[in-house]
Amino acid sequence: MTAPEEDTPAPELAPEAPEPPEEPRLGVLAVTDTTPDSLRLSWSVAQGPFDSFVVQYEDAKGQPQALLVDGDQSKVLISGLEPSTSYRFFLYGLREGKRLGPVSAEGTTGPAPAGQASGEPGPRLSQLSVTDVTTSSLRLNWEAPPGAFDSFLLRFGVPSPSTLEPHPRPLLQRELMVPGTRHSAVLRDLRPGTLYSLTLYGLRGPHKADSIQGTARTLSPVLESPRDLQFIEIGETSARVNWMPPPSRVDSFKVSYQLADGGEPQSVQVDGRVRTQKLQGLIPGARYEVTVVSVRGFEESEPLTGFLTTVPDGPTQLRALNLTEGFAMLHWKPPQNPVDTYDVQVTAPGAPPLQAAAPGSAVDYPLHDLVLHTNYTATVRGLRGPNLTSPASITFTTGLEAPRDLEAKEVTPRTALLTWTEPQVRPTGYLLSFDTPGGQTQEILLPAGVTSHQLLGLFPSTPYSARLQAMWGESLLPPVSTSFTTGGLRIPFPRDCGEEMQNGAAASRTTTIFLNGNRERPLNVFCDMETDGGGWLVFQRRMDGQTDFWRDWEDYAHGFGNISGEFWLGNEALHSLTQAGDYSMRVDLRAGDEAVFAQYDSFRVDSAAEYYRLHLEGYHGTAGDSMSYHSGSVFSARDRDPNNLLISCAVSYRGAWWYRNCHYANLNGLYGSTVDHQGVSWYYWKGFEFSVPFTEMKLRPRNFRSPAGGG
């Protein structure tokens, strides 16, 4: 290997130009502690001291590398090397801006280790976390199997850019040895408000067996304010405020707002990971002062301040109801801030204009003596003193026909088909409404041209009354109506697919179940009525990669996707289902003509307060047991890791799962990926480097018995 010209050892000086006696001199550089991917260098100083040292070498690809070492160090570990490779190292001493030396040494890394079974994980370092952070120190914690390592080597440092050099200086590294019985260490004499890179090595003898990396920042001496205050989604009574956090750690942010001309301030405290907050209950048309401060312990930063003005409110949702040949009723939603009166104006080509006033308490105004088959424009404004609010306007046409012959056909326990005859002049759409058993009115907007609609999700053995109105723009004709009663079921409100099967469902399909049997908590699900006797409620499916599973915590909490395709049902639903009874869980995996399964006799998911912790036991099947390892683990996603690891498993493996450290199953990983264990993997079937093309996760009651006699 040939070193760069500037790094070659300098020849000794001629006798007529001796070194000054006070100038420091390097001693001997030696290579010790050889491993397959690292070499330890140690050196002596013949005369000192030095401010710092620089180690230079070329890596296996011929690229020059440099490492800056503090002046009180006399050894350093060079890692990331290739096995069975010879390296030449040059050591320079730095003193008061001068570079002295170098001295050099050669070393060869050891051969690659052999003997470890393929695919068999060795002892691993895990759970690297930081606690007790101050301006000058922090505690680093980690986990390792008992007796797996003889000792630990901790290397930490910060980038040290210099404006006097064309390129950033190398990483200033410090080292700390920790006995194998200890799993924490305190780093002292650190710089305030500084980001440190951390590398922890587990050593067996002198050999490095595993490593884990992370970063940590010391506290700033003064808590910094957030920055970049922005206001979006400004409405009449609400607005959203966004900000960027300071570089140093904060516990929370305090968002305060009040009327700019004085008033009682309102405050809300949000988590330090949050970057946005919606302000609600604001007064329309008012100017507000908003401040955001960083909070750490009992310390608060200087406030970041901005101003916003809400939208003034007026009447909204103006409609023309009960249109007949010469009559219409204007109806609107009043503004939140009361008005004194309303100004009503109605115009049409070839018809006399109408201008009238309505009291401030009114929400409708009747129009009489309208001209048949005429297009009218109506505008309603509010008046507060001399000021007019923003207007609400619509257009409508007189003399239009309503639909006829509304009937309910093909009525089942949960569905009904409504049909009708379209009027001669086709409307722009229809408004279909019916009352639910809970007393709520459900409205469905239908497009022009349809003459039927199937109602889904109805309750068994329940009377219903349906109403249909033709729409022209914002105009509604008087309704036509019909009544019907749905059929009965053995279990009207099944809690799961097992109970739905007792209602006679024999084919796999989408249907509605009711959490805890409560008719006020319907949930659309897919029931597998064929696998192993049926009765399975499917809560996850991967089949074609069309649905993005790289999502946030809230998406996984409430579910996403299409239950007829790829989807995740939601952790809230899994908790509600499994806390109400005893359930088993099954995983079906397919790849080409191969099909395997894993079944667990007991399956439960805790609440959000427990981070949806997983509990399962009792494996049997043909896929191998890759899930028992995850039992007892909390759920984590890319934006929330309850384990508080420096490097989140969800981020490392591009999924959301009950990660431990990290996974043997990753069924919500990147579809089709075979890189870095990030794919849809089931280790004990196909290993980490295979992404399973089809997966289904499903649950059913533990005591389920198929109506056909199957188990």
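**Close-up views of a predicted model**

UniProt, in an unreviewed entry, places the feature "domain: Fibronectin type-III" at residues 20–114, 124–221, 225–314 and 402–492. The model shown in these views is predicted.

**View 1. Domains along the protein chain.** The domain assignment gives domain 1 (26–109), domain 2 (126–159 + 173–217), domain 3 (227–309), domain 4 (316–398), domain 5 (404–486) and domain 6 (497–701). The centres of domain 4 and domain 6, taken over C-alpha atoms, are 54 Å apart. Of the spans that UniProt annotates as Fibronectin type-III, two are described here, including residues 225–314. Residues 225–314 are 0% helix and 56% strand, with 38 Å between their end C-alpha atoms. For residues 402–492 the end C-alpha atoms lie 36 Å apart, and the span is 0% helix and 53% strand.

**View 2. The aromatic pair of Y57 and Y87.** The whole structure holds 36 aromatic pairs. In one of them, the ring centres of Y57 and Y87 lie 6.4 Å apart and the ring planes stand at 80°, so the pair is edge-to-face. Y57 belongs to strand 3 (residues 52–58) and Y87 to strand 6 (residues 86–95); the two residues are 30 residues apart, and their pair links distant parts of the chain. Y57 and Y87 are both buried.

**View 3. The aromatic pair of F539 and F603.** This pair is stacked, with 5.6 Å from centre to centre and 10° between the planes. Because F539 lies in strand 41 (residues 536–542) and F603 in strand 45 (residues 594–605), the pair ties together parts that are 64 residues apart in sequence. F539 has a relative accessible area of 0% and is buried; F603, at 2% relative accessibility, also counts as buried. Both rings belong to one aromatic cluster, formed by F539, F549, W553, Y556, F560, W568, F603, Y611, Y612, F635, W657 and W658.

**View 4. Arginine side chains over aromatic rings.** R99 lies over the face of Y92, 4.2 Å from the ring centre. At F526, the charged end of R541 sits over the ring, 4.7 Å from its centre.

View 5. Five bridges join strand 16 (residues 238–244) to strand 19 in the antiparallel sense. R240 has K278 as its bridge partner in strand 19. In general, strands of a sheet pair through backbone hydrogen bonds, either parallel or antiparallel.

**View 6. The hairpin of strand 31 and strand 32.** Strand 31 (residues 404–409) and strand 32 (residues 416–421) run antiparallel and are joined by four bridges. A408 has its bridge partner, L418, in strand 32. Six residues lie between the strands of this hairpin, in which E410 takes a positive phi near 50°.

**View 7. Burial of helix 3.** Helix 3 (residues 571–579) is largely enclosed by the rest of the structure, because seven of its nine residues are buried. The buried residues are N571, A573, L574, H575, S576, L577 and T578.

Terms used: Residues are numbered from 1 along each chain as its sequence is written. This is a predicted model: local features need pLDDT of at least 70, side-chain atom pairs count only at pLDDT 80 or more; totals for chains, interfaces and linings use all residues. Side-chain values use heavy atoms; hydrogens and water are left out. Domain bounds come from an automatic or database domain assignment. Rings of Phe, Tyr and Trp (its six-membered ring) pair if their centres lie within 6.5 Å; planes under 30 degrees apart count as stacked, over 60 as edge-to-face and the rest as tilted. Buried means under 20% relative accessible area, exposed over 50%, partly exposed in between (1.4 Å probe, protein chains only). A charge sits over a ring if NZ of Lys or CZ of Arg is within 6 Å of the ring centre and within 35 degrees of the ring normal. Two strands pair if DSSP finds at least two bridges between them. UniProt positions are given in the numbering used here, feature names are shortened, and annotations may be inferred rather than shown by experiment.
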